Amino acid sequence: MSRVWDWTKPFNDEEIAEITTIFRKLSTYNKDDWVLSSEIPNLLTQIDYHRTPEEFAVYSAYWVNNYNGIIPYDKVIVLIAAAHNSVLLTQRLTAPYDREGTGLITIANFDELHEIILINDRKLVGLTKVGLLKTSEINGKVSVDEIVKKIGEHLKQ
């Protein structure tokens, strides 16, 4: 009997170990502990995270744009571990966008982030870019703290 993965709850140590094994058995696995971004559909569907090809393309683009087309294990596992919590996931997704640690990301990064969070959590579908940007934009950049705050508020409704 295969495992039933529950993406609404945090994964336990056993589940994380199983995800690690799945990751390291992917066809493009490299001994430096990464796979190609094209593996995202294969990885996620093996752990019952089903999305459309278009949605997987958005996820793949994240890895292409931010990690030169590779998915390092240490980066993806923290995202998978946070997927049950949109606030935490959003904070973790913004790490490559905010390399200077200013708490601000570009509008282009925000657009990509917005797509990803809507795909991950269907409860956020009503959260528009305009609504998020209304008080989040500062001099052409977007405040990560404000985005996270608005996502939390939206989920409490």
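# Figure legends: fold, core and voids of a predicted model

**Figure 1. Overall fold of the protein chain.** Along the sequence, the protein chain runs in the order α-β-α-α-β-α-α-β-α-α-β-β-α, giving eight helices and five strands. Helices (H or I, at least four residues) and strands (E, at least two) are DSSP runs, numbered from the N terminus. The radius of gyration is 16 Å, close to the 15 Å of the globule rule for 157 residues, so the protein chain is as compact as a globular protein of that length. This radius is taken over C-alpha atoms, and the rule is 2.2 Å times the number of residues to the power 0.38. The C-alpha trace spans about 50 × 35 × 30 Å along its principal axes. The model is predicted: local features need pLDDT of at least 70 and side-chain atom pairs pLDDT 80 or more, whereas totals for chains, interfaces and linings use all residues. Residues are numbered from 1 along each chain as its sequence is written, and side-chain values use heavy atoms, with hydrogens and water left out.

Figure 2. Within α4 (residues 73-82), the buried residues are Tyr-73, Val-76, Ile-77, Leu-79, Ile-80 and Ala-82. Buried denotes under 20% relative accessible area, exposed over 50%, and partly exposed in between (1.4 Å probe, protein chains only). The cover over these α4 residues includes α1 (13-24), β1 (34-36), α2 (40-46), α3 (53-67), β2 (70-72) and α5 (86-93). In the protein chain as a whole, 46% of the 157 residues are buried.

**Figure 3. The largest nonpolar core around Trp-7.** This core contains 47 residues, and Trp-7, Leu-44 and Ile-80 have the most contacts inside it. At least two core residues come from each of α1, α2, α3, α4, α5, α6 (107-120), α7 (129-133) and α8 (144-156). A nonpolar core is a set of buried Ala, Val, Leu, Ile, Met, Phe, Trp, Tyr and Cys residues joined through side-chain atoms within 4.5 Å. Leaving aside residues up to four places away in sequence, Trp-7 touches Leu-44, Ile-47, Asp-48, Tyr-49, Ile-80, Ala-83 and His-84; contact means heavy atoms within 4.5 Å.

**Figure 4. The largest cavity.** The structure holds one cavity of 30 Å³ or more, and the volume of the largest cavity is about 200 Å³. Its lining comprises 15 residues, with Leu-44, Tyr-59, Leu-79, Ile-80 and Leu-89 nearest the centre. Two or more lining residues come from each of α2, α3, α4, α5 and α6. By class, 14 are nonpolar, one is polar and none is charged.

**Figure 5. The largest pocket.** The lining has five nonpolar, five polar and four charged residues. On a 1 Å grid over the protein atoms alone, a cavity is a set of points where a 1.4 Å probe fits but cannot get out; a pocket is an open set with protein on both sides within 12 Å along at least five of seven lines, and lining residues have an atom within 4 Å of a point.

**Figure 6. Two loop residues with positive phi.** Asp-48, in the loop between α2 and α3, has a positive phi of about 60 degrees although it is not a glycine. Asp-48 is partly exposed, at 33% relative accessible area. Asn-68, in the loop between α3 and β2, has a positive phi near 55 degrees and counts as exposed, at 74% relative accessibility.

Methods. Grid points are joined across faces, edges and corners, and a volume is the space filled by probe spheres set on the points. Ala, Val, Leu, Ile, Met, Phe, Trp, Tyr, Cys and Pro count as nonpolar, Asp, Glu, Lys and Arg as charged, and the others, Gly among them, as polar.
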